Amino acid sequence: MTLPTNELPRICRTLPFLQQADEKLKQQFLEQATLVHLAPGQQVCEQGSGCTHLALLLDGTVRVYKLAESGKEITLYRIDTGESCILTASCILSDTPFPAFAICDTAVTAVAIPSASVQHWLSTSPTWRDYIFGLVASRLSNIISVVEDVAFRRMDRRIANYLCQRFQGNDLIRVTHQSIASELGTSREVVSRILKDFEHETLLQVTRGTIRLVDPAGLKRKCDEN
């Protein structure tokens, strides 16, 4: 869908770099960008696919993950409102296939920029360049944290940390053992065993599809254990 002119104020609010952009970049952005709508669960990119556009999210969340031959998944990062995918940007710049998978967690609205424009603006617009390099810097930190967790942190600590982040003031979350396993790169059986251990320690109460927080302080201590 061609980008309607009346969408520019909303896009500028969501993508703050456009507020600092000169009129030339704003005009080119309007001419080159297209508006796309994606459904929850829709696959955005598959491993090995070419990257012809860079999507900038106006609303929703996309999960980027790796899939092992065994079928295990591990989440690399999520793309939220106002953000884009650094792996896509990297593939555009290096002309290489996408090295992971991306799927919509929620309904997504985004603007899609052709790869030729992505490359051109990097060489001509400091504002665009700062936006892309800022995404790279913040996302690399996230990926390094994932690598450190996988390499150096016990799985029970990682699950405790994941749950602490999900609760965030609530005492009940709806999540399956399989979705936790996919998030952290392990098997459903391992997740079920560790959750049962947490339940025996009276940290949690586990039912089908839900987990209730019983001892917030105890679960937090579990995150911090060596």
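**View 1. Strands β1, β7 and β3 form an open antiparallel sheet.** The three strands lie in the order β1-β7-β3, and their pairing is antiparallel. The edge positions belong to β1 (34-38) and β3 (53-59), each of which pairs on one side only. From one strand to the next, the twist averages 35°. The model shown here and in the other views is predicted.

**View 2. Strand β3 pairs with strand β7, and a helix packs on their sheet.** Six bridges join β3 to β7 (residues 108-114) in the antiparallel sense. Within this pairing, A55 has A112 in β7 as its bridge partner. Helix α5 (residues 115-124) packs on the sheet and touches both β3 and β7. The direction of helix α5 makes about 70° with that of β7.

**View 3. Strands β8, β10 and β9 form an open antiparallel sheet.** This sheet consists of three strands in the order β8-β10-β9, with antiparallel pairing. At its edges stand β8 (172-174) and β9 (204-207); each has a single partner strand, so one side of each is left without a neighbour in the sheet. The twist averages 15° from one strand to the next.

**View 4. Strand β9 pairs with strand β10, and helix α9 packs on their sheet.** The antiparallel pairing of β9 with β10 (residues 210-213) extends over four bridges. Here Q205 stands opposite R212 in β10. Helix α9 (residues 188-200) packs on the sheet, where it touches β9 and β10. Between the direction of helix α9 and that of β9, the angle is about 130°.

Notes. Residues are numbered from 1 along each chain as its sequence is written. This is a predicted model: local features need pLDDT of at least 70, side-chain atom pairs count only at pLDDT 80 or more; totals for chains, interfaces and linings use all residues. Side-chain values use heavy atoms; hydrogens and water are left out. Two strands pair if DSSP finds at least two bridges between them. Helices (H or I, at least four residues) and strands (E, at least two) are DSSP runs, numbered from the N terminus. Axes are lines fitted to C-alpha atoms, for helices over the stretch in contact, and angles run from 0 to 180 degrees between N-to-C directions. Contact means heavy atoms within 4.5 Å.
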